[in-house]
Amino acid sequence: MRVITATFAIAAGLLVLLGYFIDADVVRTIGSIITDWAIIIGAFAALIGIINLIFVHMEKFRARQPGGMYSVILVLALILTTGFGLLLGPENPFMRLAIDAIIVPVESALMAILVITLIYASIRLLRRRVDLMSVIFLVIAISVLILIMPTPIGQLPGSQQLLDFVNTFSRGGARGLLLGIALGTLLTGLRVLFGIDRPYGGN
Amino acid sequence: MSIDFLAGLVGLILTLLIFSYLIGDNPLFRLATYLFIGVSSGYAAAAIWHYVLIPKLFNPLRSSDPTQLLLAVLPFILCFTLFAKLLPRISWIGNFAMAILAGVGAATALGGAALGTLIPQSLAAMDMFDLRGLDRAQAFARLVQGAIMLAGTVAALGYFQFSASRAPDGTPKRNAFFEGVAWLGKVFIAITFGTLFAGVYMAALTAMIERLSSMINFIRQLAGI
């Protein structure tokens, strides 16, 4: 069974990968059909994940675990939104209300409280680990904030030149990190395509 | 009561519930986050149904073209095997669908990493040393800038090189050259994260200003000011 699932994964992966490198209509069409299948399977897997979320929270309420009442709120909100969403469609004004009244305000409020939590994290960093790297990190963070912060008199004199100077170093480091991530992704992808890693089950 | 007013009122209440986290984790904050997770998961489910499953799966299943029908039946069967993943005893049935997902995901990630990051970033690093059309001063400035960026890139990559030989006392130790490169890489990474931190902080500050101004506007509207 493990060999069959690995063959499925390797064949699907290779057919999609060929589409990147071989300029032929047949190869590209096959690659696009298989990619569409993966999109459909991924979407269905996400739906099953949402169904599982309902079961997990209903079980939490049934077993009277701490915070079980919050689970009831989650399940009710999920079922109501899904029900109306399936019937009316995501573009319906009622569904827009769910976005405007709940999703956007909560997302931006969560982002807003980062203002305090990031300051708190910086203070903790200085109290727990005072070394050269922490100092460089915080000095650069504060300097960049001062340089990009809008002031009543406009941009501070010389701030753009200083920002460009700091950015030369940060872009170098960022490029190194990006290349490292890409190399890691490449290696992980190759391990899946060679059947060394089998994240789909079967060790 | 208009829809806009209702959205504003609910948004104001939820914002206050989320801000209550600043005095510590509390039931009001949890209420808002659970409600948020429920609504956003429900919205995601509706969007998946209407934007992916209906056009890509259910509409072709109703097609009279046998090729289209066949191309839709296969993913339809694979999708239903995923339900087996909810039952541990027969969960292996869902492995075929997961294998296609993992294979396509790996190929897409591989192609994306090579064509979207490795090649363009390497070309951009080389591009810094293209001095054509620049006068002497500009060329020198660009050369220095390119050299600093290249040093940063190489050193940051070197920081993640963990191969080491054994020291006489048995502890793993990198050689002195790689140790120096890794130290320099750490400095560049600290500068990069400092800059990223500042960017994230500015984004959070913008969100805070937007939330506060929308709250003030709503209260002013309510009071008729």
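Author: Domain bounds here come from an automatic or database domain assignment. The model is predicted. For chain B the assignment gives domain 1 (1-62), domain 2 (63-127) and domain 3 (130-225).

Reader: How many residues does the contact take from domain 1 of chain B, and how many from domain 2 of chain B?

Author: Four residues come from domain 1 of chain B and seven residues from domain 2 of chain B. Residues count as in contact if their C-beta atoms lie within 7 Å. The centres of these two domains, taken over C-alpha atoms, are 28 Å apart.

Reader: What makes up the side of domain 1 of chain B that touches domain 2 of chain B, by class?

Author: That side has three nonpolar residues, one charged and no polar.

Reader: Which helix gives the most to the side of chain B that touches chain A?

Author: The contact takes 100 residues from chain B and 98 residues from chain A. Helices supplying at least two residues each on the chain B side include α1 (3-19), α2 (27-61) and α6 (176-223). α4(B) gives the most, with 24 residues. By class, the chain B side has 73 nonpolar, 21 polar and six charged residues.

Reader: Why is B:L222 called exposed?

Author: B:L222 has 12 C-beta neighbours inside 10 Å. The cut-off for exposed is 12 or fewer, so B:L222 counts as exposed. B:L222 belongs to helix α6 of chain B.

Reader: What distance separates the C-alpha atoms of B:L222 and B:L12?

Author: They are separated by 12 Å, and the two residues are 210 residues apart along the chain.

Methods
Residues numbered from 1 in each chain as written. Chains lettered and ligands numbered in written order. Predicted model: local features only at pLDDT ≥ 70, side-chain atom pairs only at ≥ 80, totals over all residues. Contact = placed C-beta atoms within 7 Å. Nonpolar A, V, L, I, M, F, W, Y, C, P; charged D, E, K, R; others polar. Helix = DSSP H or I, 4+ residues; strand = E, 2+ residues; numbered from the N terminus. Buried ≥ 20, exposed ≤ 12 C-beta atoms within 10 Å, placed from the backbone.
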